[in-house]
Amino acid sequence: MALPFLPGNSPNERLGKERFHKSQHFDYSSGVPMLVGSEKPGIGGEHLVGQEIKPKYSVYPIGSGTGLPPWVTFDKQVLCFDAYFQETVPEAQSETYRIRKCKIYFFLEDDTIQVVEPEYKNSGIPQGTLIRRHRIPLPPPNEGQFYNLFHFNINQQMKLYSRTFTVTDCDSFTRNFLTKLGVHVNNPTTVPEDPYSSLREQLTKSMQPLRPYERHDTLKQFLDHDRKVLRFYCFWDDSQSIYVDMRELILHYFLVDDTIEIREVFPPNSGRDKVNKFLRRCRLPKHVPAKVKQPGEITDRTVLNVLTSSTMGNRYILDSLKTGAVHEEFYKDCDLIIGGEVNVWGRRVILADCDDFTKHYYRAKYGIEDFTPLQYKAPPAPKPPRPVPPYNGFGSEEDSLSFCQRLLPKPPRKDFQKFMEKDRYGLDSKMLNFQAKMITADPVDRERVFIISFYLSNDTISVFEHPQKNSGVLGGKFLERGRVKKPGQELFKSQLSQYFTAQDLYVGATLCLNSINFQLLDADEYTFKYMEQHAEEFPRANMGIIISKLRSLPEEKQCEIRKFLTLSDPSNTGFIPFESIRSLLLGLDCNLSEHEVLVLGRCFSEREQTQVDVGLMLAVAQDFLKKKAFEEFPKMARAFADHDRHKTQRLSTKAIRTICKAFHLPVPNSLLEGLLSKFADGDEIDYHAFLAGINWLEHPAPPVMPEDTLKFEVDVGFDGGRAAVKNINYSAFLQDAFSLPSNSSDTSA
């Protein structure tokens, strides 16, 4: 029963709604007012009466499936179907219909379809893309919807724009994809035979060309062997000539077309005119004909004279049986072997040797392993010695030698590859630092401490002296950086002098630098690590060589060493002091140096890291900044704040290091890295605390001593050698060195 249309009885349709916008349905198109919004909804997004909205998604609505968009999930994934359609041919005598095969491609990323017909030769109809790629609507009455992948299957018909296509088959990817979706794929069907196409094939097979020819396909040979040439070193024994000499030749065999080219090698002062080629590139026949064929006598095809008449003319046909063909044998790669002969138009050429590529080719293709060359000429006479005058003292020895080697002298070449490999890179200095003392009878000079630095990029040496209080000696640079000659060499000689190399520097070695003897006492941690990491270059740091020296000791000596080490550990802790085992190893008859003993101790030691006071490091850093008048702390604070995107008051160590480098903070690298490691909490640093620590304007630190500043300025810390090695794990040492277990019960034996 309907309620009367009175106030209070009719429902309000606007109750509960929030959207009341109205879509624009009318607009101007080319100056004409038109209805352009037929698919747009009404007020508030509601459909109008009788309006049907075409769906945007053919299979899955939005929000279902994976979170990735379909153009990413199904990118470059296409379903391929084989199909055909029948086309009526009116007003034709030879055919009434035609079967046209095509390919249907369904693109999964956007549900678009493309139909392509393969092109056939002389078809007379436009072929190629029949339907361009787009979404195809379903036939009426469902024209508001589009084809999706569930509409496709084998052995069924599909109507695409008034053409009925019959799907016959699909590829393996399409079959697997539909099967995984739960679609039962039908069995493939055959394409009906096209009578007109069959007639065309029969006519093509029955046609005989008026001028038949043989096709020689050399494309594969060209693609496989292009730019590949076999090279043979050969000679021609021209003993029958007036001069009776041996002619050296080089034979090139081109694998791309089986042609041969021969060039002659002219020795110096041979007296012969130099020609470009001994034999131009051509196919070389095996048997020289008695008479050279004239042009036109050898052809690919022969012609038979069938009829000759003065009234009817001449009649010719092609000889399909090739009764008049001339067969010639040409040299192939299988005919060329070392020691074999080649007939070069009556000249007897003998193959004596070949290059590496030719050997590899014959070894891979024919399995030949014997490539012994023929000795057809006497070995070259030794070059007369060219004595070099002795060095006269002007310039460097290398520069003087270049004046003797050529008329136009050139500067001596430097080892650029070594420079690129071993030059300083970032924080890797590629510099070996050793602590040394002077060997002299003067008590004042014996107390002087030197730092000898060896630069691996160019084998140069520099010496720096530590300043000491009240010593009476000025410290600083002692020897300018440069190459240093080894002592005991004659000054004016013809041979080049020998210079100190990196292998000559090790702990315990004695160096004579400009008639002053130095003994190397210790090295820094970087030097020890570099020598141990490159043990193949430094025998003194090679654990394999050190262990082999210890194992060369007799068994009685090894047992004595084990007993001594066990007695040195009365509490059976497994560790003994390094000095005890050092004195033992240096007293053995196995030629162990001080450096080798230190490397051995570092390998089996219980190392203790020396700790540096943070206050001292900050005081030294402020001293450096104060001397350089660095006052860019507010700008650094703004740079830190700009990089702090999340406003956590913390930045990574790498970011703070980069900002410090950008402001050219005048602090040594070792000191900067030490401060960053002290302030680091994991991988982040509180940059406010870091700035407050180095800000000498607002938070000045107490003054520091010159030796403390010099310690960081020189950037050398000799804490990786003897000072860092305290106790030795002698159990592991005995196990690795002598393969003997340490047992305290052996002490009673």
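**Notebook: salt bridges, strands and backbone**

I began with K332, which forms a salt bridge with D258; the closest N and O atoms are 3.2 Å apart. K332 lies in the loop between β14 (313-318) and β15 (341-344), and D258 in the loop between β10 (245-254) and β11 (259-265), so the pair ties together parts that are 74 residues apart in sequence. I noted that the model is a predicted one.

K332 is partly exposed, with a relative accessible area of 32%. D258 has a relative accessible area of 17% and counts as buried, because the cut-off for buried is under 20%.

**Entry: a second pair from the β14-β15 loop**

I next examined K365 and D333, whose side chains meet in a salt bridge at 3.1 Å, N to O. K365 belongs to helix α5 (residues 356-365) and D333 to the loop between β14 and β15, so this pair ties together parts that are 32 residues apart in sequence. For K365 I recorded a relative accessible area of 49%, which makes this residue partly exposed. D333 is buried, at 9% relative accessibility.

**Entry: other salt bridges**

I asked how many salt bridges the structure holds. The count is 37. One of them joins the side chains of D445 and R448, at 3.1 Å from N to O. Are D445 and R448 buried or exposed? I found D445 to be buried, and R448 as well. I also recorded a network in which salt bridges with shared partners join E525, K529, E532 and R602.

**Entry: the whole protein**

I turned to the overall figures. The protein has 749 residues, of which 33% count as buried. It contains 20 helices and 28 strands. I looked up contacts between residues at least 6 apart in sequence, and 57% of these join residues at least 24 apart. The protein exposes about 49,400 Å², and carbon and sulfur atoms supply 53% of that area.

**Entry: strand β3 and its partners**

Which strands pair with β3 (residues 78-88)? I found β4 (residues 97-107), which runs antiparallel to β3 and is joined to it by eleven bridges. In this pairing T88 stands opposite Y97 of β4. I also found β8 (residues 163-170), which pairs with β3 in the antiparallel sense over four bridges. Here the bridge partner of F81 is C170, in β8.

**Entry: a nonpolar patch**

I located a nonpolar surface patch of about 230 Å², made by V32, M34 and V36. V32 is placed in strand β2 (residues 32-35). At 43% relative accessibility, V32 counts as partly exposed. I kept a general point beside this entry: in a regular strand the side chains alternate between the two faces of the sheet.

**Entry: backbone exceptions**

Most residues other than glycine have a negative phi, and most peptide bonds are trans. I therefore listed exceptions to that general rule.

- K76, not a glycine, has a positive phi near 60°. This residue sits in the loop between α1 (70-73) and β3, and at 76% relative accessibility K76 is exposed.
- D111 likewise is not a glycine, and its phi is positive, about 60°. D111 lies in the loop between β4 and β5 (112-117); at 16% relative accessibility, D111 counts as buried.
- P140 and P141 are joined by a cis peptide bond, with omega about 10°. I placed P141 in the loop between β6 (128-134) and β7 (156-160).

Terms used: Residues are numbered from 1 along each chain as its sequence is written. This is a predicted model: local features need pLDDT of at least 70, side-chain atom pairs count only at pLDDT 80 or more; totals for chains, interfaces and linings use all residues. Side-chain values use heavy atoms; hydrogens and water are left out. Helices (H or I, at least four residues) and strands (E, at least two) are DSSP runs, numbered from the N terminus. Buried means under 20% relative accessible area, exposed over 50%, partly exposed in between (1.4 Å probe, protein chains only). Contact means heavy atoms within 4.5 Å. Accessible areas come from the Shrake-Rupley method with a 1.4 Å probe; for residues, only the protein chains shown count as cover. Patches are made of residues with over 30% relative accessible area and no salt bridge: like charges are joined within 9 Å, nonpolar side chains (Val, Leu, Ile, Met, Phe, Trp, Tyr) within 5 Å. A salt bridge is a side-chain nitrogen of Lys or Arg within 4 Å of a carboxyl oxygen of Asp or Glu. Two strands pair if DSSP finds at least two bridges between them.
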